[in-house]
Amino acid sequence: MRKLPVILMLFLPFSSFAQDTTMKLWYTEPAGEKWVSALPLGNGRIGAMVYGNPAEEHIQLNESTVWTGSPNRNDNPDALQALPEIRRLIFEGKEKEAQELAKEKIQTRRSNGQIFQPAGDLFLSFPEHAAYTDYYRELDLATATTTTRYTAGGTTFTRKTFTSLKDGVMIVRLSADKAGALSFTVHMNTAQKATIHVSGNNELDLSGVTGGHEGVPGGVKFVTAVKVVNEGGTIKTADSALTVKKANSVTIYVSIGTNFVNYHNVGGNAAGRCRKFLAAALQKPYKQLLADHTRAYQKYFNRVSLQLGADSTHQPTDVRLQNFARADDPQFVSLYFQFGRYLLISCSQPGGQPANLQGIWNDRMDAPWDAKYTININTEMNYWPAEKDNLPEMHEPLIQMVKELAVTGRETARTMYGARGWLAHHNTDLWRITGPVDGIYWGMWTMGGAWLALHTWEKYLYSGDKIYLRGVYPALKGAALFFSDHLVEEPSHHWLVNCPGTSPENAPSIRPGVSITAGATMDNQIVFDLMSAVIRAAHLLHTDSAFADTLLARRQRLPPMQVGKYGQLQEWLEDLDNPNDHHRHISHLYGLFPSNQISPYRTPELFSAAHTTILERGDVSTGWSMGWKVNWWARFGDGDHALKLIRDQLSPVGTHKEGGGTYPNLFDAHPPFQIDGNFGCTSGITEMLVQSQDGALHLLPALPGEWKEGSIAGIRARGGFEVAFLQWKDGLPAKLVIRSTLGGNLRIRVPDKIKPVFDTLIRAATGENPNPFYATDEVPPALVAQGANVPPVSVAPTALYDRPTRPGEIFMIVFKPKE
């Protein structure tokens, strides 16, 4: 965290700025054979899962570009000719026939996407360590290192492992408290087509190539080099193993390189890249490698601190997980929050690939859902914490992927839909495919590119960087251009709708198995946001005024959100919702979060309808779904319910028959493992404490009753504001320190029970917020079904205050109870 002026530091407790010393996942047993008990390390390119087994240490390895396949496309050119007929059938109420035709003419006949696969496994065999005592292992979130320690034969052995953010290699350091005590064998394995051999100078090399999948030939070549450097003792070589005898300490360097250059070029030199990383790392002593890695990592991690109380349990992480649902352990939430930030730093680094469905960690050749990029919620959820939780650099790989999809998606728009601009359906992969993926029930969703493109705008709202905005504007504009061309008038109300489409992975109960539709609510919401963003971006960049006018005219013809007969927010254009539907996807609540179209202050009827919908769907579901629900309940201002969802999510896998839960290493479970739930919950915890989407910086919008005192420091808000420090006591804000990077009006929303004191620049707010980053687009009034019950949702009373700020200014606001 950057330094604050001394005058402000005097008012704040030192502990507020120090990272919690209990920021560790720790265990008293090794992982054994359980991958979901191993501990994750990553530097954005290399992913490692450290098992911590004494007799045979197992470190499973990934590299972010080790995928099946090679450059390819998966468009179906028959789609364009069939599109008018499919639309006609849908508008005539013949959705089943339309879906059958779409299955034949739109569903891909090529690849449904390639698979993210493991690179291999590193083993360190200690046959004399089968019997051990005093076992301990940890993942230290403060340093991004794992440590394993145990005693065998009267000697204490320690292993420290990290994947260097600075030097691009993995380092394993082995030591013992007695000289000459380290004797073990190093070997590797992989399920890939590969050769493994020992080269000169105590090095183990693995050279492989990924396979083909669904007709796409494999083309990713990769090389892994394992260099063993001993201090004392000897090293003997065999054909495919290295044996260390009686060493005092050993440092193992692991480097991986591939031939992947970009989504259309696999002409790189895998061996050369591997050697380059390894040679550079070997020039540094171990202590410098560790120090450089720690410094590079803490540059990101130390920006944010969350204090909800001390760890009063003093129990291993897996035991805390078992007990959390019934324990008073708020620090476990802080740990889980920071674990999410740790994971994003570890799996999404500038210049690399975005976090996929499993981040950067996968041990299976046949990964669930191929560990691709599922872009109808999961990939987007991965990046919800990026801006608000002060990791904007981690957002860059996703932004780059959007730019690449904007290129590949142009051909899909032209050949399949006869439209300009670009689109992507509900999945993509390393090769940036943009055609439909999987069966038409899931794959007939054309909004993936549009939703991803909105991340480029979201990033601007936090930074205010117009140079950046100009760089991403073509991709943002292209996504809107597609829908400007593609929307079609539906016959009943003459609204412009996306057709064909779906409400992701769900179907009305009256049409089981038939998801295809026109004008699904989520489609309308995303198109509304996309057009709004481009209109504003064009104005800011003084360009495309005519196109902005066109988008404004089209936006006015989008269907309004509708309240159905049960008082629910309609999921579809027709009132087809079933109150007994507990589907994991509640896509039409996109308008509540991550969007800001639904608000208790601006759209109370829609707010009530959304509340009815989430109550009908229930709490427990798959892990990522519960992560999304934490954010929704935070937007409802119900911190106790949000915390209930966190407890549901932080339950051992198998606790709930509906799914979800958390593995011993705190990975989120669908099940199986999906990383999106980790990131979704991290975002939700932030939303409980600070929100900035609804015209103001809202402090403690959804504070649970259990979190009566605490603090958060370093999170970001829209408009270039940083909440450098927020402390609360008795459930109310007490102190706020703001850093304003852009200047402009700061509007804060606080509980009506308190008022700011001492700052003469603060005034009660009136009218619209003049800060353009807090502008909200007017949402059309809801259409409410006749006879629907739309009860008001109770919202805690608040007050609004304004304070002018200057670029670079840092100031404190103190709050006191109203008399």
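These entries go from the sheet to the cores.

**Ground rules.** I am working on a predicted model, where local features need pLDDT of at least 70, side-chain atom pairs count only at pLDDT 80 or more, and totals for chains, interfaces and linings use all residues. Residues are numbered from 1 along each chain as its sequence is written, and side-chain values use heavy atoms, with hydrogens and water left out.

**Sheet.** I took helices (H or I, at least four residues) and strands (E, at least two) as DSSP runs, numbered from the N terminus. Two strands pair if DSSP finds at least two bridges between them. I found seven strands in an open, antiparallel sheet, ordered 2-3-4-5-10-15-14. Strand 2 (39–42) and strand 14 (234–237) each have a single partner strand, so one side of each lacks a neighbour in the sheet.

I then checked strand 10 (residues 182–189) against strand 15 (residues 241–247): they pair antiparallel over five bridges. Leu182 faces Ala247 of strand 15.

**Gln81.** I located Gln81 in helix 2 (residues 79–91). Its relative accessibility is 74%, so Gln81 counts as exposed (exposed is over 50%, buried under 20%, partly exposed in between; 1.4 Å probe, protein chains only).

**Cores.** A nonpolar core is a set of buried Ala, Val, Leu, Ile, Met, Phe, Trp, Tyr and Cys residues joined through side-chain atoms within 4.5 Å. The largest has 231 residues, and Val186 is one of those with the most contacts inside it. Helix 14 (residues 521–541) gives the most to this core, 12 residues. Another core, of 12 residues, lies apart from it and includes Val169 and Ala270.
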